[in-house]
Amino acid sequence: QKPILLQGHERSITQIKYNREGDLLFTVAKDPIVNVWYSVNGERLGPYNGHTGAVWCVDADWDTRHVLTGSADNSCRLWDCETGKQLALVKTSSAVRTCGFDFGGNIIMFSTDKQMGYQCFVSFFDLRDPSQIENNEPYMKIPCSDSKITSAVWGPLGEFIIAGHESGELNQFSAKVREQLSNIKEHTKQINDIQTSRDMTMFITASKDNTAKLFDCTTLQHLKTFRTERPVNSAALSPIFDHVVLGGGQEAMDVTTTSTRIGKFEARFFHLAFEEEFGRVKGHFGPINSVAFHPDGKSYSSGGEDGYVRIHYFDPQYFEFEFEA
């Protein structure tokens, strides 16, 4: 089935994100543009204009009223989803690498990079208190002195965040008190992406050590491992089936030295329980940087180093195969 091709960025895609209903798809890239699209037909609604550097992360709240973006221009910005108007701007000392709304959409968190003499911090702002944004004073700021955070998501009920580090470590940071709840190291290299399951009981990590791993959200217990022969940049869990999709390929700087045939730029599908690969989808002319399942599980999207986002709808046989299995 022919994918829908979204062309709205001049540089490589950094993250793609569906809203909760799945009718909208947000895309950000290493250009300053933040785009929003109708996921059903790939029509672009428009951009959120304001950033002046690469945009690393994007998130929409529970009822899709607000959009949050973090950028290399040392800022985290809050937007009105419908009008594209910038509602708030939080200036930081270094690039904002990860960002996200909690379950209720009232609290935002973002992490900054360890660069130019500044260490990595996770900051928490309560949007119900406008003075926090105005004074640039988060209600809580947790330093991460060891290795910088490369990916982070909220845990269930907004009690804590789960953060993946450059060193391969995973941490839980409390959103209520300034403390680290738990810490494990299952990966040997940088964690590139973390995504939770639909019910937020599990999450999957994608790492440069050529694996994606499944963990329990609350206990951080390691459950499954999905192995490939290339770095994994992104991984997502299907909301309706026991399926996992991985996106990756080799490092961006090595891309020109290999042909697309052996570059392993396919999206790869694994069975969640059996850890076996059962399908691949080709298409991108470079590594896949971000993958996401539609919340109804009937399609998925991938964003690549080539600057394109591709929306793939599954064939009816895909659903028959699963129910027979």
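In what order do the four strands of the open sheet that includes S2 stand, and is their pairing parallel or antiparallel? The order is S2-S3-S4-S5, and the pairing is antiparallel; strands here are DSSP runs of E with at least two residues, numbered from the N terminus, and two strands count as paired if DSSP finds at least two bridges between them.

The structure is a predicted model, in which local features need pLDDT of at least 70 and side-chain atom pairs count only at pLDDT 80 or more, while totals for chains, interfaces and linings use all residues. Residues are numbered from 1 along each chain as its sequence is written, and side-chain values use heavy atoms, with hydrogens and water left out.

S8 and S9 pair in the antiparallel sense over five bridges, and Leu78 stands opposite Ala88 in S9.

A salt bridge, defined as a side-chain nitrogen of Lys or Arg within 4 Å of a carboxyl oxygen of Asp or Glu, is formed by Lys17 with Asp59, whose closest N and O atoms are 3.3 Å apart. Lys17 lies in strand S2 (residues 13-18) and Asp59 in strand S6, so this pair ties together parts that are 42 residues apart in sequence. By the same rule, the count comes to 12 salt bridges.

**Cavities**

The structure holds two cavities of 30 Å³ or more. A cavity is a set of points, on a 1 Å grid over the protein atoms alone, where a 1.4 Å probe fits but cannot get out, and lining residues have an atom within 4 Å of a point; a volume is the space filled by probe spheres set on the points, which are joined across faces, edges and corners. In the table, Ala, Val, Leu, Ile, Met, Phe, Trp, Tyr, Cys and Pro count as nonpolar, Asp, Glu, Lys and Arg as charged, and the others, Gly among them, as polar.

| Cavity | Volume | Lining by class |
|---|---|---|
| Largest cavity | about 80 Å³ | three nonpolar, four polar and four charged residues |
| Second largest cavity | about 30 Å³ | eight nonpolar, no polar and one charged residues |

Of the 11 residues that line the largest cavity, Pro231, Gly247, Gly248, Gly249 and Arg268 lie nearest its centre, and the largest share of this lining, three residues, comes from strand S23 (residues 243-248).

The second largest cavity is lined by residues including Leu68, Cys76, Arg77, Leu78, Ala88 and Val90. Strand S8 (75-80) and strand S9 (86-91) are the elements that give two or more residues to this lining, and the largest share, three residues, comes from S8.

How values were computed. 1 Å grid on protein atoms, 1.4 Å probe; cavity = no way out; pocket = protein on both sides within 12 Å on 5 of 7 lines; lining within 4 Å.
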